[in-house]
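Please look through the model shown below before reading on.

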Amino acid sequence: MSAEEPSDQSDLICVEESLMSLEKLDRASPDLWPEQIPGVHEFVAQNSPQTEPSSWAGGLTPDDINQLHQLGNLSVASLIVEVKKLHDTAYQLGLEEAKEMTRGKYLNIFKHK
């Protein structure tokens, strides 16, 4: 058996050498490797905070941004409660506006030209 082991060892080395690839892949090629690890740039862009403010955030005050953060930290149930409060407030404002418009008609504030 000891005579066969060196032969087996050399056969194993020959097999490993035959499987070795000498091809060099150029990581700079955009066709082969468009990015270091595929999908990382999209993941980072979606999950990292933005350094520059968005276009929609141009006129927001620090209090507005604070409120946005508070709303963002609410649970689903709490957020539904907040939306219902906003809906009720909008409904009440609509009723008050309708009353004032009716009042304005009776007082002839809105005259036609």
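Across the protein chain the pLDDT (the predictor's confidence in each residue, from 0 to 100) averages 79, and 71% of the residues score at least 70. This is a predicted model, in which local features need pLDDT of at least 70 and side-chain atom pairs count only at pLDDT 80 or more, whereas totals for chains, interfaces and linings use all residues. Residues are numbered from 1 along each chain as its sequence is written, and side-chain values use heavy atoms, with hydrogens and water left out. Confidence is lowest in helix α2 (residues 40-47), where the mean is 70, and highest in α4, where it is 94; helices here are DSSP runs of H or I with at least four residues, numbered from the N terminus.

Helix α4, which covers residues 76-106, has 31 residues and reaches 45 Å from its first C-alpha to its last, close to the 45 Å expected at 1.5 Å a residue, the expected span being 1.5 Å times one less than the number of residues.

The structure holds two salt bridges, a term that requires a side-chain nitrogen of Lys or Arg within 4 Å of a carboxyl oxygen of Asp or Glu. In one of them the side chains of Lys-85 and Glu-82 meet at 3.5 Å, N to O, and these two residues both lie in helix α4, three residues apart, about one turn of the helix. Lys-85 is partly exposed at a relative accessible area of 47%, and Glu-82 is also partly exposed, at 28%; partly exposed lies between buried, under 20% relative accessible area, and exposed, over 50%, with a 1.4 Å probe and protein chains only. Glu-100 forms a salt bridge with Arg-103, with the closest N and O atoms 3.6 Å apart, and this pair likewise lies in α4 with a spacing of three residues, about one turn of the helix. Glu-100 is partly exposed, with a relative accessible area of 47%.

In the segment after α4 lies Asn-108, which has a positive phi of about 55° although it is not a glycine. Most residues other than glycine have a negative phi. Asn-108 is exposed, with a relative accessible area of 53%.
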